[in-house]
Amino acid sequence: MATTDRAIASAEAHSAHNYHPLPVVIASADGAWMTDVEGRRFLDMLAGYSALNFGHGNRRLIDAAKAQLERVTLTSRAFHHDRFADFCTQLAELCGMEMVLPMNTGAEAVETAVKTARKWGYRTKGVPDGTAKIIVAADNFHGRTTTIISFSTDEEARADYGPYTPGFEIVPYGDLAALDAAMTDNTVAVLLEPIQGEAGVLVPPPGYLAGVRELTRARNVLFIADEIQSGLGRTGKTFALEHEGVVPDMYVLGKALGGGVVPVSAVVSSAEILGVFRPGEHGSTFGGNPLACAVALEVIAMLRTGEYQQRAAELGDHLHHELGLMTTGGAVETVRGRGLWAGVDISPSYGTGREISEKLMDRGVLVKDTHGSTIRIAPPLVISKEDLDWGLEQLRAVLTR
Ligand SMILES: *Cc1c(COP(=O)(O)O)cnc(C)c1O
């Protein structure tokens, strides 16, 4: 334990305390497994908040990254490079859209979507300058920038960061009537997670997302789907919105798009909508860089086979079946989610989410708690059924008394 303790003490002394990591220090990882500095193995049931959908050290992704590292890694957008066109074309095609605006982190892509919607509102919809409104949902999580936390309802994420960016309207998630009532002529967009991840893997009521699509279309308002966590295979489909047969005006993607290797994010939309940008009006030094494009191209190729989505659907059915059985024992109160993604509300009498997470860690399983007594389960989609069952066995053991 000495090595672990030293590493943690040192991190605590020299890094800002904006996270409260579990007391484990990872040294290497492969597939769904991570190994710490003491040589102990842990099953990764978080997968970097779904950035690691294809697993740690995925051979195809690592090979693509290595090959690109030897060729060219950054040109900036001042010049074209030879992976850029393929990346944009293939990502647009995967999304059934026309254009891509690449960025790096999820928050940057959300910011880009906000800027796109406002510009579209002024230039195309004809909203009076400076009055555009974007409707968001309560309990959203869209990232950590000053503008994004301005429309968060999480006090922890928001407090002490004012003055806040105006132009956002917050309505309850899953409430179509409230959304309808909040719309005005100045509304340019509705920004939603199809499943609210950080809120505890909240799935909206059936028909809600299709209703949002109808309302936004009827009012000439853009539907922006933040699929940064829900997208790219996690729920058993390429996009969580597909479960409702819904196509948004704009996808916001991140996390798994970079395969857990490099940060890659993007806004994907129509030529009409992303066509609002002219040179100099938005950008990013690293956005769409050759290394990012090379890795993302491999991610897109893997998603095109459909095998990861199918795996997530099949293993997801199994996961939800097994978790469902646990609700009869009293320890598990509610299970939500879709595909290989679950929010599990543990009865508070069994401990906080943090305490459950620590007990699972002691048994070799890594998860992350979210609000209160909720833990979320989102292993890499490449996890074997045996490993998933072993992980669930540890959860059952922790909840047995
Ligand atoms: C993680 C996440 C973000 C922010 O992505 P970062 O890469 O951390 O900036 C935005 N939206 C959703 C739904 C997310 O899960």
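Asp-389 sits in helix α14, residues 385-398. Helices here are DSSP runs of H or I with at least four residues, strands are E runs of at least two, and both are numbered from the N terminus. The model is predicted: local features need pLDDT of at least 70, side-chain atom pairs count only at pLDDT 80 or more, and totals for chains, interfaces and linings use all residues. Residues are numbered from 1 along each chain as its sequence is written, and side-chain values use heavy atoms, with hydrogens and water left out.

Asp-389 has a relative accessible area of 26%, so it is partly exposed; buried means under 20%, exposed over 50%, and partly exposed in between (1.4 Å probe, protein chains only). Setting aside residues up to four places away in sequence, Asp-389 touches His-318 and Arg-396. Contact means heavy atoms within 4.5 Å. The side chains of Asp-389 and His-318 are joined by a polar contact of 2.6 Å. A polar contact is a pair of N or O atoms within 3.5 Å; within protein, one must be able to donate a hydrogen and the other to accept it, and residues adjacent in sequence count only if both atoms are side-chain atoms. Glu-12 lies 377 residues from Asp-389 along the chain, and their C-alpha atoms are 34 Å apart.

Helix α9 spans residues 208-218, and its buried residues are Tyr-208, Leu-209, Gly-211, Val-212, Arg-213, Leu-215 and Thr-216. These buried residues pack against α8 (176-182), β7 (187-192) and β8 (222-226). Asn-220 follows α9 and has a positive phi, near 55°.

Ala-107 places a backbone N or O atom 2.8 Å from a ligand oxygen atom. For Phe-141, a backbone N or O atom is 3.3 Å from a ligand nitrogen atom. Gln-229 contributes through its side chain, with an N or O atom 2.7 Å from a ligand oxygen atom.

The second largest pocket has a volume of about 500 Å³. A pocket is an open set of points on a 1 Å grid over the protein atoms alone, where a 1.4 Å probe fits, with protein on both sides within 12 Å along at least five of seven lines; lining residues have an atom within 4 Å of a point. Its lining comprises 19 residues, with Arg-77, Val-100, Leu-101, Phe-277 and His-282 nearest the centre. Strand β4 gives the most to this lining, with 5 residues.

Key. Points joined across faces, edges and corners; volume = space filled by probe spheres on them.
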